[in-house]
Amino acid sequence: MLNNIVKKEKLAYGVHLFWIENPIISKKAKPGQFVIFRIHEGGERIPLTISKTKGNMFRVIVKAVGKSTYELCKLKENDYIKDVVGPLGTPSEIKRYGRVLVIGGGVGIAAIAPIVDALINVGNKVDTILAARNKESIILEDEFKDSENLYFATNDGSKGEKLFPNQLMEKLIKEEKYDVVWAIGPALMMKACSEVAKQHNLKIFVSLNAIMVDGTGMCGGCRVRIKDTLKYTCVDGPEFDGRDVDWNSFLTRLSQYKAEEKKALENYLKIVGEPTWL
Ligand SMILES: Cc1cc2nc3c(=O)[nH]c(=O)nc-3n(C[C@H](O)[C@H](O)[C@H](O)COP(=O)(O)OP(=O)(O)OC[C@H]3O[C@@H](n4cnc5c(N)ncnc54)[C@H](O)[C@@H]3O)c2cc1C
Ligand code: FES
């Protein structure tokens with residue numbers, strides 16, 4: 001079958017894991033790449049990172065934030081995704097760096113899982129930080145056991161350190177010499193980690209969650225300013241050196257449709273009622 005949901009699991013409130021059958025994507029996908037889903041005819045396009053592959057299936061982990069992701073999280077096992085395009089984007093730059101620090105924040109933990117595995121497989125020593133607002137929002141902890149050191153940072157201190165991930169990053173950098181950093185999570189977290197990396201003259205890969213439409217470099221929707229040049233996140237990224245990203249223009253573009261997005265979710269909830277499935 002193509003694009004059917006083989007397995008669905010709730011990992012935290014509003015965060016759902018999906019295994020989707022699609023042999024082409026599962027065979028070709030590399031760490032750092034993503035797919036674009038369209039749930040039904042006329043639906044919005046949802047970019048999602050490929051978080052793992054197994055046989056004929058690939059995994060995505062979705063956080064419900066607006067109308068389309070609420071709709072996606074409502075689907076059940078054996079339902080189908082109408083269209084899935086991928087794998088898209090330039091894969092992560094996996095090579096032997098030496099000592100690597102990888103930071104995953106919230107649903108960004110799903111994106112770092114294949115990157116950590118690939119970095120360890122080519123001989124790097126990887127320290128991993130899993131960060132979230134609280135203990136309940138830390139996902140996939142078991143998948144990071146092969147890290148040299150596994151650290152946790154929560155906003156409320158319910159697991160690991162009561163620190164923001166950039167603060168824990170700063171602390172670790174003072175104790176250990178890292179050759180490169182990855183930080184994937186909310187835009188503000190990636191911006192803060194990039195500032196720390198800049199101060200310490202350290203290369204940092206971030207994965208930009210720009211607003212995307214076609215995912216092929218044609219529509220211009222996902223353009224970002226990197227070191228004074230315009231790049232398309234979907235084909236030139238999604239990973240860039242966070243020190244080169246013009247974060248202010250990126251954050252402004254991300255919030256450009258906030259009012260429309262809020263309205264779309266309100267209208268959807270008027271039709272479906274309480275989102276009890278989240
Ligand atoms: C390369 C890439 C990989 C991503 N991987 C994941 C992932 O693995 N898991 C996950 O939960 N989310 C991921 N996202 C974000 C996810 O695509 C958006 O949360 C989703 O499209 C929001 O749609 P919505 O209708 O539910 O929310 P909306 O109400 O439309 O928007 C809510 C928020 O999502 C952002 N957003 C809206 N549309 C898009 C869009 N087409 N592309 C990107 N952001 C958008 C808005 O700026 C806003 O901040 C990824 C985004 C990109 C670009
Ligand atoms: S999504 Fe259209 S150019 Fe990138």
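Student: Is L140 buried or exposed, and what is its relative accessible area?

Tutor: L140 is buried, with a relative accessible area of 14%; buried means under 20%, exposed over 50% and partly exposed in between, using a 1.4 Å probe and protein chains only. Before we go on, this is a predicted model, where local features need pLDDT of at least 70, side-chain atom pairs count only at pLDDT 80 or more, and totals for chains, interfaces and linings use all residues. Residues are numbered from 1 along each chain as its sequence is written, chains are lettered from A and ligands numbered from 1 in the order in which they are written, and side-chain values use heavy atoms, leaving out hydrogens and water.

Student: What is the phi of L140?

Tutor: Most residues other than glycine have a negative phi, and most peptide bonds are trans. L140 is not a glycine, yet its phi is positive, about 60°. You will find L140 in the loop between β9 (125-132) and β10 (149-154). Helices (H or I, at least four residues) and strands (E, at least two) are DSSP runs, numbered from the N terminus. D228 is another residue other than glycine with a positive phi, near 70°. D228 sits in the loop between β13 and β14 and is exposed, with a relative accessible area of 66%.

Student: What is K227 like, buried or exposed?

Tutor: K227 is exposed, at a relative accessible area of 61%. Its place is the loop between β13 (223-226) and β14 (229-232). K227 and D246 are 19 residues apart in sequence, and their C-alpha atoms are 7.2 Å apart in space.

Student: Which peptide bonds are cis?

Tutor: One is the bond from G86 to P87, with omega near -5°; P87 belongs to strand β7. A cis bond also joins G237 and P238, with omega about 10°, and P238 lies in the loop between α6 (233-236) and β15 (239-241).

Student: How do I read the sheet that contains β1, and in what order do its strands come?

Tutor: Strands of a sheet pair through backbone hydrogen bonds, either parallel or antiparallel. Here four strands form an open sheet in the order β1-β2-β6-β5, with antiparallel pairing; two strands pair if DSSP finds at least two bridges between them. β1 (5-12) and β5 (52-54) are the edge strands, each pairing on one side only. On average, neighbouring strands of this sheet are turned by 25° against each other, direction ignored. Within the sheet, β2 (residues 15-21) and β6 (residues 57-63) pair in the antiparallel sense over seven bridges, and I20 stands opposite F58 in β6.

Student: Which way do the residues of β3 point?

Tutor: In a regular strand the side chains alternate between the two faces of the sheet. In β3, F34, I36 and R38 point one way, V35 and F37 the other, and all are buried. β3 (residues 34-38) pairs with β4 (residues 45-49) in the antiparallel sense over five bridges, and L48 in β4 is the bridge partner of V35. The hairpin of β3 and β4 has six residues between the strands, and G42 there takes a positive phi near 80°. Four bridges also join β3 to β7 (residues 83-88), and these two run antiparallel, with R38 opposite D83 in β7.

Student: How many residues of α2 are buried?

Tutor: Six of its eight residues are buried, so α2 is largely enclosed by the rest of the structure. The buried ones are S68, T69, Y70, E71, L72 and C73. They pack against β1, β2, β3, β4, β6 and α8 (258-272), where contact means heavy atoms within 4.5 Å.

Student: At what angle do the axes of α4 and α5 cross?

Tutor: Two packed helices are described by the angle between their axes and the distance between the axes. The axes of α4 (residues 165-175) and α5 (residues 187-199) come within 8 Å and cross at roughly 20°. That makes α4 roughly parallel to α5; angles under 35 degrees count as roughly parallel, over 145 as roughly antiparallel, 65 to 115 as roughly perpendicular and the rest as oblique. Axes are lines fitted to C-alpha atoms, for helices over the stretch in contact, and angles run from 0 to 180 degrees between N-to-C directions.

Student: How does α5 lie against α7, parallel or antiparallel?

Tutor: The axes of α5 and α7 (residues 247-254) come within 11 Å and cross at roughly 180°, and the two helices are therefore roughly antiparallel to each other. A187, L188, M190, K191 and S194 in α5 meet W247, N248, F250, L251 and L254 in α7.
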